[in-house]
Amino acid sequence: MFLLLSLCVCGLLLRGDAQDRAALWRGNDRSGRCQYTFTVPSPAEASCPQTGGPEVEGLKARLSLLEVLVSRLTGGDTVTTQGTGARAQPGLQEALNRVTGERNLLQGEKRRLEQELEGLQRRMEEMRRETERLRNRPCPPQAPVVQPNPSLQDSGLMRPAGGSSQMSHLVNRPDRQGDSSSLRDSAWQYGPPGFQELKAEVTEVPAPDGSEDNTGCGELVSVGEPVTHRKADSIAGKYGVWMQDPEAVSPYGPNMVWRIDTIGSDVRQLFGYEDMEQLSKGFPSKVLVLPELVESTGATLYRGSLYYQRRRSRSLIRFDLASETIAARRDLPHAGFHGQFPYSWGGYTDIDLSVDESGLWAVYSTTKAKGAIVISQLDPHNLEVKRSWETNIRKNTVANSFIICGRMYTVASYTAPDTLINFVYDTETGQGKSVSIPFRNKYRYNSMIDYNLAQRKLFAWDNFHMVSYDVRLGRQQAN
Ligand code: CA
């Protein structure tokens, strides 16, 4: 009885189970074709005599497809390449960032230089227009006063110098009426009469000099601290040359100070100041427009003439200040120019002219000298070379040079605040030797150093600043 009851229950359970397990299968076969399979369990057989069937086949097909997919995702060349690329990507990105940064920096620098160039061109154009305008103005009968112009202060403005000629490029600003708005320098607070008196007093006071042998012509013993006279107020004055004529010729007096700002490709203006004080105030009394462009900071003055190197050439020019004409022109034989043999700071400082007790000198180099400094004494009248000396000092290893009493001295550095005068060459003996005389580059970019025979000082142009140094000379040596 119990057994019969159990069979009935199992039969019901199997029946219900069979009904629940009937199913429709759908899946791709091995070829990817969709296949439908209806399955229902056998109501009588506990197990099939063979395994497999559509259900297993379908599972196998799906498994195969999954294997293919997994294989694609985890193996093969493509994955390997992607892996390498992923590893290389950070390095490439870093390089790209670096290149992009450098490009941005260069673009910024380019924009800055373009702006600077535009500023320079604008300034030159303003100066040219102002010069033309001033030239066309009639001179007043009495013109002791000149007004500064903001755009030209310190570089284009002037009071009349004594002895201006009809041919002169002297430019006067005769009328201060209605122009008071342009006054921006307190220096102009000085009234004309008082100013003239002050100037006269200054003229009569002898300049202090630290040398005990001021009248002798011995070897350089020491150089004093730099004294600042004026700071150029535009980029055009970062480099330049300033000088005095040790043997001034009428119409200019011995106190006249001259200056050329040498930044730019159109350097041809020579500014004259009646004395050091006017230079310090930035009030030129004279502007001469030179007929030939000036190259670099090697110009000098002697006996009423400006001597300078014509731009992009080895031609030397003697420009007569009184007649404002070229009095002589001659090539300096074999001299390098326009960057062939400059001083260490560059600046096309190939030919450096100067004057000392024995006359006019040129310091330069030639291909034959292989860059070593050549010193030539020049005839100041016709610029012919009178005599030359070849040293064994490479010109581009020194910052600058100057000549005192026939001895050429070289300065080691143009940037080091505390550097040395490191070499002297005596043209009297034809011998050179090392020396160690302290020299100070106060503003750390000294672009011109020359002996100023008129004041027996060194004049220098140090990073916009016109400075001078007292020098102390020893006694004349017996040899
Ligand atoms: Ca020099």
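Tutor: Glu-324 is placed in the loop between strand E11 (315-320) and strand E12 (325-331), where strands (E, at least two residues) and helices (H or I, at least four) are DSSP runs numbered from the N terminus. This is a predicted model, in which local features need pLDDT of at least 70 and side-chain atom pairs count only at pLDDT 80 or more, whereas totals for chains, interfaces and linings use all residues. Residues are numbered from 1 along each chain as its sequence is written, and side-chain values use heavy atoms, with hydrogens and water left out.

Student: What is the phi of Glu-324, and what is that of Ser-296?

Tutor: Phi of Glu-324 is near 55°, and that of Ser-296 is about 65°. Most residues other than glycine have a negative phi, and most peptide bonds are trans. The bond between Ser-250 and Pro-251 is a cis peptide bond, with omega about 15°.

Student: Which atoms coordinate the calcium ion, and what makes them donors?

Tutor: Asp-352 contributes two OD atoms, and the others are Asn-400 (OD1), Ser-401 (O), Ile-449 (O) and Asp-450 (OD), at 2.2 to 3.0 Å. Donors are N, O and S atoms within 2.8 Å of the metal, or 3.2 Å for Na, K and Ca, and water is not among the atoms, so sites may look incomplete. Along the chain the donors follow the spacing D-x47-N-S-x47-I-D, and both Ile-449 and Asp-450 are buried.

Student: Why is the arrangement around the calcium ion called irregular?

Tutor: The 6 donor atoms subtend angles of 47 to 166°. Six donors count as octahedral if opposite donors are over 155 degrees apart and all others between 65 and 115; four count as tetrahedral if all angles lie between 85 and 135, or as square planar under the rule for six; anything else is irregular. An angle of 47° meets neither octahedral range, so the arrangement is irregular.

Student: What makes Lys-395 sit over the ring of Tyr-343?

Tutor: The charged end of Lys-395 is 4.1 Å from the ring centre of Tyr-343. A charge sits over a ring if NZ of Lys or CZ of Arg is within 6 Å of the ring centre and within 35 degrees of the ring normal. Lys-238 likewise lies over the face of Tyr-445, at 4.7 Å from the ring centre.

Student: Which residues does Ser-354 touch?

Tutor: Taking contact as heavy atoms within 4.5 Å, and leaving aside residues up to four places away in sequence, Ser-354 touches Thr-300, Gly-359, Leu-360, Trp-361, Ile-403 and Asp-450.

Note on methods: Buried means under 20% relative accessible area, exposed over 50%, partly exposed in between (1.4 Å probe, protein chains only).
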